[in-house]
Amino acid sequence: DIRYQIVLGMARGLSYLHQSCRECIIHCDIKPENILLDASFVPKVADFGLSRLFPLEVTHVSTVPQGTPGYVDPVYHQCYKLTDKSDVYSFGVVLVELISSKPAVDMSRSHSEINLANMALNRIQNHEVVQLVDPELGYDTDPETKRTIDRVAEVAFQCLQMERDLRPS
């Protein structure tokens with residue numbers, strides 16, 4: 001329940017940044033270290049050192065990719081076009097971290113699974129979510145927990161899509 005509330009709070013925070021008045025704020029470095037939790041585990045998006053501000057009517061900003069490996073939108077990394085969907089991708093990585101308790105990048109994993117996003121896409125697409133989920137969460141023992149984790153995994157899957165138009169806002 002606490003992890004789920006953190007996810008919801010992060011989503012609200014990103015939504016607020018992306019839909020601010022006349023300008024959009026793209027954070028550019030969404031990762032667990034930049035999500036602060038208060039005593040009640042209410043998340044606050046922090047560290048705006050890499051963030052970009054641009055008018056809502058602009059579709060993207062061309063800039064040299066910056067951010068933390070494992071969280072950077074691969075389309076942004078390849079095409080140098082930053083959009084709000086770049087933060088959505090990073091949010092998807094954080095979602096997977098929250099349900100798996102695995103780091104975004106782990107060189108000790110097999111080559112195809114070094115990047116957690118790739119591992120998650122593969123496991124979710126192949127209906128193997130159980131292999132991705134932290135056993136401590138009780139995925140197999142509590143039906144409500146299973147439903148919640150499946151919902152979070154589905155949102156993560158959507159956020160991690162290579163085609164930006166398929167990602168949710």
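Helix H1 gives the most to the lining of the largest pocket, with seven residues. This is a predicted model, where local features need pLDDT of at least 70, side-chain atom pairs count only at pLDDT 80 or more, and totals for chains, interfaces and linings use all residues. Residues are numbered from 1 along each chain as its sequence is written, and side-chain values use heavy atoms, with hydrogens and water left out.

A word on terms. On a 1 Å grid over the protein atoms alone, a pocket is an open set of points where a 1.4 Å probe fits, with protein on both sides within 12 Å along at least five of seven lines; lining residues have an atom within 4 Å of a point. Helices are DSSP runs (H or I, at least four residues), numbered from the N terminus.

Back to the largest pocket. H1 (2-18), H3 (84-100) and H6 (143-159) each supply at least two lining residues. The lining has 19 residues, and Ala11, Phe91, Val155, Cys159 and Ser169 lie nearest the centre. The space is about 340 Å³, a volume being what is filled by probe spheres set on the points, which are joined across faces, edges and corners.

Now the second largest pocket, with about 250 Å³ of space. It is lined by 13 residues, with Asp1, Tyr4, Thr145, Thr148 and Ile149 closest to its centre. H1, H3 and H6 are the elements that give two or more residues to this lining. Which of them gives the most? That is H6, with five residues.
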